[in-house]
Amino acid sequence: MNARIDSEYKNLIVGSGAAGITVAKLISVTSHSKNTALLEQHYSPGGCSSFFARGVPKRVYDVGATQMVAVTENDIHHKIFTLNNDMEYPKLIKIKKIEFIFPSEAVHLAINADNSINVLQGIINKDEEIYINNVLNYSKKIGTIFWDLLKKIPKFPVLNISEILHNIKIFAKLKFKLEILLTVFLPTKIICFFLGNKKNFVFSNKVFNSILLDTVQNTMEKIPWLFGSLGLNIINNGIYRYKGGMRSYFYNLSMQIKKNNMNIFYQIKVTEIHEEKNGFKLKIYDNKNKIHEYINVTENLFLNITLWDFLELFQENNYYKKKISRLTKKFNSWLAFSLYGYFEESTVLEEEARYIQLFPPNEEITALKSSLYLSIYEPNNSIRSFTATIHVHANYVQDHLKDIYKEKLIERIEKNLNIKVKSPEFSMHHSFAYYTQRSKGRVGGLIVNSINTLINPVPNVYTHPNKKTKLFLIGDNYFPGQGVISSTICGIIAWERAFKGKFSKL
């Protein structure tokens, strides 16, 4: 018999993206699992890492994220997955290189897992190649420290003296303390200038900006080195695809949570959040039964949603909502288009998962003047599936050009890889909004917090006037920001704050 949603919970998690499902797993293995539930508005867990089936023959595609970073044994995701669980960890396929193709210049580069560069086609300036190496090696030096730092779960923005002391203890153990202190809040562009950037370099800034757009959702000018070093060091730190896709992690994690006697309710959409005397009241819509209901939350409410979604749902116009509203107006977010499809096995492509960035030709239309991120899945019955995404500025999007956008992106793939795309499915930001429920299909959000990490940050914890109930905003809009691992850490921080626990001691 299916469980029914209760009218009141001590703890409630809204959204089963990376942050939300992390909180749910951590609660489910502790004594706080009683009177706790997870709500998800879709049919499956994963948020931006969810999946759907399309095409002829039918193939399963990841909606957004197709790869994860740092997921080997003893890394954060491995630990969360294996906590109080004997389920076998999903098989991993390592992406050995990131490829960059510049069609107008007939240049094809590859950055390998050891940060070495191969010029696979064409010629680039030797000084520029040295500069690329300098940036990658310096990002490895600093980024490796920061990737390790994330495992210590630093807390930002800090809420009390205890968290300040916690962060100081972590910082005290770092190498290159003075160097880090003097550089981390400088724009990545400034660091690159010191490392030898020149105006006549054609490829390097495009390469670095495309990596940063993919990892931290903005460019060198706006991303501080704190995040730039992490983003540029992803290939060296290890990019992986789960065999079977992201669902093999998130779906199995949801099964563990249910096994630990925590209910997960799907097709439940939160439509309003109100302050009540004893906590928060959520108005929900049960899409399966086509009814509206209300849920009271008396202790901890975890919202795995974007800043824009929160502003739409939260009804009280108090100081907390006003501050978030002021901060979000300072920043733009990106929209995303996606192309899904497959092609028959070809001798042109290696027998492995691949990650390729295809830059636009010189004559590309304005909306598509960005690199196309092409994730090619491992072979399956002689069929290679792919997910391709591109960042677009909202001001350049014209809905009536949808068919032209689709044709242009297919053409970019087919011309540069010498293949024929089969059964292509094209989605604009409207579809992304539908599948992920992100307001207007906006992606990213890290920049909201990256500039303001220490000074005037986005507040991600709100204490109810009753002094007992708390609301935690979690996900990629909040520190430490963009990406599956960062959202996961955001969930860990919220769990530690809510229950005074320590992830390191689990």
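A pocket is, on a 1 Å grid over the protein atoms alone, an open set of points with protein on both sides within 12 Å along at least five of seven lines, whereas a cavity is a set of points where a 1.4 Å probe fits but cannot get out; lining residues have an atom within 4 Å of a point. This is a predicted model, in which local features need pLDDT of at least 70 and side-chain atom pairs count only at pLDDT 80 or more, while totals for chains, interfaces and linings use all residues. Residues are numbered from 1 along each chain as its sequence is written, and side-chain values use heavy atoms, with hydrogens and water left out.

The second largest pocket holds about 830 Å³ of space, and its lining comprises 10 nonpolar, six polar and 14 charged residues, where Ala, Val, Leu, Ile, Met, Phe, Trp, Tyr, Cys and Pro count as nonpolar, Asp, Glu, Lys and Arg as charged, and the others, Gly among them, as polar.

The largest cavity has about 60 Å³ of space, a volume being the space filled by probe spheres set on grid points that are joined across faces, edges and corners. Its lining divides into eight nonpolar residues, one polar and one charged, including Phe472, Cys490 and Arg497.

The second largest cavity, with about 40 Å³ of space, is lined by Ile95, Lys96, Lys97, Glu99, Glu352, Ala353, Arg354 and Tyr355, which divide into three nonpolar, no polar and five charged residues.
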